[in-house]
Amino acid sequence: MNHKKSMRIFWLSLCLLLVSGTVIIAVVQYRSHKREAEADDQVQENMDQGLQTEPSLETDTLNDGLAKDQDQAADTSREKTQPDVPTQPASGNTVRYQFELKENNGYLDVYYYHTQTLFLHTGIPYSTLTMEQKQELMDGKYFLDEQALYGYLESCTS
């Protein structure tokens, strides 16, 4: 009798663990989608105000490696010369920036493009940047995607 009771408790505990895990995953996914939807709404609002351009048809794959990430971050910094004017690539498609890097209270912070909505507090002190990196920030540092952003932030910390 004691063995059956132990098995029931075991299976009940296992089921509760599975249900709670499923609920946690669902909540995380819901919040992630909600955050993406809010960002998309903000981008749409910027597009309506004429600050954002049409999305680019060209995308990079994740399998291109770290070298391509660094090249892309360098290309992005070369493409963007004026903070409020989107750049036209050679293909004729317009670039759609998602993030911009700013100095805030002595640290680097990442914001959604042309908003005051904080995406990431990096914890990287502004004082540790090179003069070239500081100049890039003053000119406006924009990124197409998280991959390019993280590649650039990694270069700032090394």
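Accessible areas here come from the Shrake-Rupley method with a 1.4 Å probe, and for residues only the protein chains shown count as cover.

**Entry 1: overview.** I am working on a predicted model, where local features need pLDDT of at least 70, side-chain atom pairs count only at pLDDT 80 or more, and totals for chains, interfaces and linings use all residues. Residues are numbered from 1 along each chain as its sequence is written, and side-chain values use heavy atoms, with hydrogens and water left out.

I looked up the surface of the protein. Its accessible surface is about 10900 Å², and carbon and sulfur atoms hold 56% of that. I then looked up burial, where buried means under 20% relative accessible area, exposed over 50%, and partly exposed in between (1.4 Å probe, protein chains only). Of the 158 residues, 27% are buried.

Next came the secondary structure. Helices (H or I, at least four residues) and strands (E, at least two) are DSSP runs, numbered from the N terminus. I find four helices and four strands. Their order from the N terminus is α-α-β-β-β-α-β-α. For contacts I use heavy atoms within 4.5 Å. Among contacts with a separation of 6 or more, 52% join residues 24 or more positions apart.

**Entry 2: the core.** I used this rule: a nonpolar core is a set of buried Ala, Val, Leu, Ile, Met, Phe, Trp, Tyr and Cys residues joined through side-chain atoms within 4.5 Å. The largest one has 15 residues, and Leu101 and Phe143 have the most contacts inside it. Strand S1 (99-104), strand S2 (107-112) and H4 each supply at least two residues of this core. H4 gives the largest share, five residues.

Leaving aside residues up to four places away in sequence, its contacts include Leu108, Val110, Phe143, Tyr152 and Leu153. Lys141 is also on that list.

I then checked H4 itself, residues 146-157. This helix has 12 residues and reaches 16 Å from first C-alpha to last, close to the 16 Å expected. The expected span is 1.5 Å times one less than the number of residues. In H4, Gln147, Ala148, Leu149, Gly151, Tyr152, Leu153 and Cys156 are buried.

**Entry 3: the salt bridge.** How many salt bridges does the rule give? The rule asks for a side-chain nitrogen of Lys or Arg within 4 Å of a carboxyl oxygen of Asp or Glu. The count is one. Lys141 and Glu136 form a salt bridge, at 4.0 Å from N to O. Both residues are buried.

Gly140 sits in the loop between helix H3 (131-139) and strand S4 (141-143). Gly140 counts as buried because its relative accessibility is 15%. Gly140 and Glu100 are 40 residues apart in sequence, yet 7.4 Å apart C-alpha to C-alpha.

**Entry 4: two loop residues.** Asn105 is not a glycine, but its phi is positive, about 55°. It lies in the loop between S1 and S2. His114 also has a positive phi of about 55°. Its place is the loop between S2 and strand S3 (118-125). Are these buried or exposed? Asn105 is exposed because its relative accessibility is 69%. His114 is buried because its value is 19%.

**Entry 5: a surface patch.** Met7, Phe10, Trp11, Leu14, Leu17 and Leu18 form a nonpolar surface patch, with about 600 Å² of accessible area together. Patches take residues with over 30% relative accessible area and no salt bridge; like charges are joined within 9 Å, nonpolar side chains (Val, Leu, Ile, Met, Phe, Trp, Tyr) within 5 Å. Phe10 lies in helix H1 (residues 2-48). Phe10 is partly exposed because its relative accessible area is 44%.
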